[in-house]
Amino acid sequence: MVTVERADTQDAAELSAVAAVTFPLACPPGSTAEDIAAFVADVLSPESFSRYLTDPTRTVLKAVDGDRIIGYSLLHAAEPADPDVAAAVTVRPVLELSKMYVLPGHHGNGVSAALMAATVEIARGDGVAAVWLGVNQENLRAQRFYGKQGFEVVGVKTFLVGTQLHSDFVMQRDL
Ligand SMILES: CC(C)(COP(=O)(O)OP(=O)(O)OC[C@H]1O[C@@H](n2cnc3c(N)ncnc32)[C@H](O)[C@@H]1OP(=O)(O)O)[C@@H](O)C(=O)NCCC(=O)NCCS
(Lines give C-alpha, C1' and ligand atoms only; values in the text may rest on other atoms or scores of the structure.)
Protein backbone atom coordinates (compact mmCIF):
# COMPACT_ATOMS: atom_id res chain seq x y z
CA MET A 1 0.00 0.00 0.00
CA VAL A 2 1.27 3.47 -0.86
CA THR A 3 1.06 6.20 1.77
CA VAL A 4 1.82 9.91 1.51
CA GLU A 5 3.39 11.71 4.45
CA ARG A 6 5.65 14.62 5.30
CA ALA A 7 9.33 13.83 4.77
CA ASP A 8 11.95 14.72 7.37
CA THR A 9 15.69 15.32 7.33
CA GLN A 10 16.45 11.60 7.53
CA ASP A 11 14.90 11.24 4.05
CA ALA A 12 17.26 13.70 2.33
CA ALA A 13 19.56 11.14 0.69
CA GLU A 14 16.74 8.88 -0.52
CA LEU A 15 14.75 11.84 -1.86
CA SER A 16 17.85 13.01 -3.73
CA ALA A 17 18.25 9.55 -5.28
CA VAL A 18 14.59 9.55 -6.42
CA ALA A 19 15.04 13.09 -7.77
CA ALA A 20 18.12 12.11 -9.77
CA VAL A 21 16.19 9.29 -11.48
CA THR A 22 13.01 11.27 -12.13
CA PHE A 23 14.23 14.78 -13.03
CA PRO A 24 15.54 13.72 -16.49
CA LEU A 25 12.04 12.40 -17.32
CA ALA A 26 10.71 15.96 -17.14
CA CYS A 27 13.39 17.42 -19.47
CA PRO A 28 12.84 17.96 -23.20
CA PRO A 29 14.67 15.66 -25.65
CA GLY A 30 17.29 18.32 -26.50
CA SER A 31 18.64 18.48 -22.94
CA THR A 32 22.27 17.46 -22.52
CA ALA A 33 23.49 14.99 -19.90
CA GLU A 34 25.90 17.66 -18.65
CA ASP A 35 23.17 20.24 -18.08
CA ILE A 36 20.95 17.70 -16.32
CA ALA A 37 23.85 16.54 -14.15
CA ALA A 38 24.68 20.14 -13.21
CA PHE A 39 21.07 20.78 -12.19
CA VAL A 40 20.88 17.57 -10.16
CA ALA A 41 24.17 18.38 -8.39
CA ASP A 42 23.11 21.96 -7.69
CA VAL A 43 19.40 21.69 -6.85
CA LEU A 44 18.64 18.03 -6.09
CA SER A 45 21.62 16.93 -3.97
CA PRO A 46 21.14 15.43 -0.49
CA GLU A 47 22.42 18.76 0.90
CA SER A 48 19.78 20.65 -1.09
CA PHE A 49 17.05 18.37 0.24
CA SER A 50 18.38 18.85 3.79
CA ARG A 51 17.92 22.60 3.25
CA TYR A 52 14.41 22.18 1.81
CA LEU A 53 13.47 19.94 4.75
CA THR A 54 14.49 22.55 7.31
CA ASP A 55 13.10 25.60 5.45
CA PRO A 56 9.87 26.74 7.18
CA THR A 57 8.47 27.99 3.84
CA ARG A 58 8.88 24.57 2.19
CA THR A 59 7.14 21.22 2.70
CA VAL A 60 8.35 17.96 1.19
CA LEU A 61 5.81 15.16 0.87
CA LYS A 62 6.94 11.61 0.20
CA ALA A 63 4.99 8.72 -1.31
CA VAL A 64 6.13 5.51 0.36
CA ASP A 65 5.65 1.93 -0.83
CA GLY A 66 6.70 -0.44 1.93
CA ASP A 67 9.94 1.11 3.14
CA ARG A 68 10.87 2.79 -0.18
CA ILE A 69 10.24 6.36 -1.29
CA ILE A 70 8.70 6.14 -4.77
CA GLY A 71 7.76 9.78 -5.31
CA TYR A 72 7.77 13.21 -3.76
CA SER A 73 6.38 16.69 -4.06
CA LEU A 74 7.83 19.96 -2.83
CA LEU A 75 5.62 22.89 -1.87
CA HIS A 76 6.87 26.44 -1.48
CA ALA A 77 4.74 29.04 0.26
CA ALA A 78 6.05 32.35 -1.03
CA GLU A 79 5.29 35.27 -3.30
CA PRO A 80 6.46 34.25 -6.82
CA ALA A 81 9.99 35.59 -7.35
CA ASP A 82 9.86 35.29 -11.16
CA PRO A 83 8.18 38.42 -12.64
CA ASP A 84 6.58 36.34 -15.43
CA VAL A 85 4.93 34.15 -12.80
CA ALA A 86 3.97 37.09 -10.60
CA ALA A 87 2.19 38.65 -13.59
CA ALA A 88 0.54 35.43 -14.82
CA VAL A 89 -0.77 34.26 -11.45
CA THR A 90 -3.26 36.91 -10.46
CA VAL A 91 -4.65 35.68 -7.12
CA ARG A 92 -2.93 35.81 -3.73
CA PRO A 93 -1.79 34.26 -1.53
CA VAL A 94 -0.41 31.41 -3.63
CA LEU A 95 1.63 28.31 -3.02
CA GLU A 96 4.04 26.89 -5.60
CA LEU A 97 4.03 23.19 -6.34
CA SER A 98 7.74 23.35 -7.02
CA LYS A 99 8.40 19.66 -7.67
CA MET A 100 6.20 16.64 -8.42
CA TYR A 101 8.03 13.44 -9.30
CA VAL A 102 7.13 9.75 -9.21
CA LEU A 103 9.43 6.87 -10.11
CA PRO A 104 8.80 5.13 -13.42
CA GLY A 105 6.96 1.91 -12.66
CA HIS A 106 4.55 3.82 -10.43
CA HIS A 107 3.02 6.10 -13.06
CA GLY A 108 -0.63 5.77 -13.99
CA ASN A 109 -1.63 4.03 -10.74
CA GLY A 110 -2.80 6.87 -8.48
CA VAL A 111 0.45 7.66 -6.62
CA SER A 112 0.69 11.08 -8.25
CA ALA A 113 -2.97 11.77 -7.54
CA ALA A 114 -2.40 10.90 -3.86
CA LEU A 115 0.58 13.28 -3.73
CA MET A 116 -1.53 15.99 -5.35
CA ALA A 117 -4.41 15.42 -2.92
CA ALA A 118 -2.04 15.82 0.03
CA THR A 119 -0.53 18.93 -1.58
CA VAL A 120 -3.94 20.53 -2.04
CA GLU A 121 -4.92 19.63 1.53
CA ILE A 122 -1.84 21.46 2.85
CA ALA A 123 -2.51 24.43 0.58
CA ARG A 124 -6.11 24.64 1.80
CA GLY A 125 -4.88 24.40 5.40
CA ASP A 126 -2.53 27.30 4.71
CA GLY A 127 -5.46 29.34 3.42
CA VAL A 128 -3.96 30.01 -0.02
CA ALA A 129 -6.19 31.06 -2.91
CA ALA A 130 -4.42 28.98 -5.58
CA VAL A 131 -1.58 26.58 -6.31
CA TRP A 132 0.70 27.33 -9.27
CA LEU A 133 3.44 25.34 -11.00
CA GLY A 134 5.80 25.45 -13.96
CA VAL A 135 5.92 22.57 -16.43
CA ASN A 136 8.09 22.16 -19.51
CA GLN A 137 6.16 22.94 -22.69
CA GLU A 138 7.23 19.57 -24.15
CA ASN A 139 6.24 17.55 -21.07
CA LEU A 140 2.83 16.47 -22.36
CA ARG A 141 2.33 13.70 -19.81
CA ALA A 142 2.73 16.07 -16.87
CA GLN A 143 0.53 18.71 -18.55
CA ARG A 144 -2.17 16.09 -19.06
CA PHE A 145 -1.87 15.02 -15.40
CA TYR A 146 -2.09 18.61 -14.13
CA GLY A 147 -5.05 19.27 -16.44
CA LYS A 148 -6.87 16.27 -14.97
CA GLN A 149 -6.08 17.71 -11.53
CA GLY A 150 -7.79 21.01 -12.29
CA PHE A 151 -4.81 23.15 -13.36
CA GLU A 152 -5.07 25.56 -16.29
CA VAL A 153 -2.34 27.30 -18.29
CA VAL A 154 -2.18 30.97 -17.28
CA GLY A 155 1.17 32.01 -18.76
CA VAL A 156 4.71 31.08 -19.75
CA LYS A 157 8.11 31.38 -18.11
CA THR A 158 11.66 30.16 -18.59
CA PHE A 159 13.58 27.67 -16.47
CA LEU A 160 17.35 27.29 -16.38
CA VAL A 161 18.77 23.75 -16.47
CA GLY A 162 22.56 23.92 -16.43
CA THR A 163 23.37 26.23 -19.34
CA GLN A 164 20.06 25.74 -21.19
CA LEU A 165 17.01 27.96 -20.86
CA HIS A 166 13.87 25.81 -21.07
CA SER A 167 10.35 27.04 -21.94
CA ASP A 168 7.67 26.32 -19.36
CA PHE A 169 3.94 26.81 -19.09
CA VAL A 170 2.71 28.36 -15.86
CA MET A 171 -0.37 26.50 -14.61
CA GLN A 172 -2.73 27.49 -11.82
CA ARG A 173 -5.43 25.73 -9.83
CA ASP A 174 -7.78 27.89 -7.80
CA LEU A 175 -8.79 26.42 -4.44
C1 LIG B 1 4.03 13.88 -14.07
C2 LIG B 1 3.70 12.69 -13.20
C3 LIG B 1 3.86 13.04 -11.72
C4 LIG B 1 2.22 12.32 -13.47
O5 LIG B 1 1.94 11.12 -12.83
P6 LIG B 1 1.27 9.91 -13.65
O7 LIG B 1 1.05 8.81 -12.68
O8 LIG B 1 2.09 9.64 -14.85
O9 LIG B 1 -0.11 10.60 -14.06
P10 LIG B 1 -1.42 9.96 -14.72
O11 LIG B 1 -1.12 8.61 -15.28
O12 LIG B 1 -2.52 10.07 -13.74
O13 LIG B 1 -1.68 11.00 -15.89
C14 LIG B 1 -0.84 11.13 -16.98
C15 LIG B 1 -1.66 11.27 -18.22
O16 LIG B 1 -0.80 11.58 -19.31
C17 LIG B 1 -1.03 10.68 -20.36
N18 LIG B 1 0.21 10.54 -21.10
C19 LIG B 1 1.23 9.68 -20.89
N20 LIG B 1 2.20 9.91 -21.79
C21 LIG B 1 1.78 10.94 -22.57
C22 LIG B 1 2.34 11.64 -23.67
N23 LIG B 1 3.55 11.32 -24.14
N24 LIG B 1 1.63 12.64 -24.21
C25 LIG B 1 0.40 12.97 -23.74
N26 LIG B 1 -0.17 12.34 -22.68
C27 LIG B 1 0.51 11.34 -22.12
C28 LIG B 1 -1.52 9.41 -19.69
O29 LIG B 1 -2.22 8.58 -20.59
C30 LIG B 1 -2.42 10.01 -18.62
O31 LIG B 1 -3.62 10.48 -19.14
P32 LIG B 1 -4.99 9.61 -19.03
O33 LIG B 1 -5.22 9.36 -17.56
O34 LIG B 1 -6.02 10.48 -19.65
O35 LIG B 1 -4.76 8.32 -19.78
C36 LIG B 1 4.61 11.47 -13.53
O37 LIG B 1 4.36 11.06 -14.86
C38 LIG B 1 6.08 11.78 -13.37
O39 LIG B 1 6.61 11.74 -12.29
N40 LIG B 1 6.76 12.05 -14.51
C41 LIG B 1 8.20 12.28 -14.54
C42 LIG B 1 8.59 13.57 -13.85
C43 LIG B 1 7.79 14.76 -14.31
O44 LIG B 1 7.60 15.01 -15.49
N45 LIG B 1 7.33 15.53 -13.31
C46 LIG B 1 6.59 16.74 -13.53
C47 LIG B 1 7.51 17.89 -13.59
S48 LIG B 1 6.63 19.43 -13.83
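Predicted model: local features only at pLDDT ≥ 70, side-chain atom pairs only at ≥ 80, totals over all residues.
Residues are numbered from 1 along each chain as its sequence is written.

The chain has 6 helices and 7 strands, where helices (H or I, at least four residues) and strands (E, at least two) are DSSP runs numbered from the N terminus. Read from that terminus, the elements follow the order β-α-α-α-β-β-α-β-α-β-α-β-β. A compact globule of 175 residues would have a radius of gyration near 16 Å, and the 15 Å of the chain agrees with this; the radius is taken over C-alpha atoms, and the globule rule is 2.2 Å times the number of residues to the power 0.38. Along the principal axes, the C-alpha atoms fill a box of roughly 40 × 40 × 30 Å.

Helix 1 (residues 12–22) and helix 3 (residues 46–54) have axes that come within 8 Å and cross at roughly 120°, the axes being lines fitted to C-alpha atoms over the stretch in contact, with angles from 0 to 180 degrees between N-to-C directions. This makes helix 1 oblique to helix 3, since angles under 35 degrees count as roughly parallel, over 145 as roughly antiparallel, 65 to 115 as roughly perpendicular and the rest as oblique. Ala12, Ala13, Leu15 and Ser16 of helix 1 make the contact with Pro46, Phe49, Ser50 and Leu53 of helix 3, contact meaning that C-beta atoms, placed from the backbone, lie within 7 Å.

In the loop between helix 4 (83–88) and strand 4 (94–102) lies Pro93, and the peptide bond from Arg92 to Pro93 is cis, with omega near -5°.

The ligand is surrounded by 16 residues, of which the closest are Ala26, His107, Ser112, Leu140 and Arg144; a residue is near if its C-beta atom, placed from the backbone, lies within 6 Å. Strand 4 and helix 6 (140–148) each supply at least two residues of this shell, and its largest share, 5 residues, comes from helix 6.

Technical notes
Contact = placed C-beta atoms within 7 Å.
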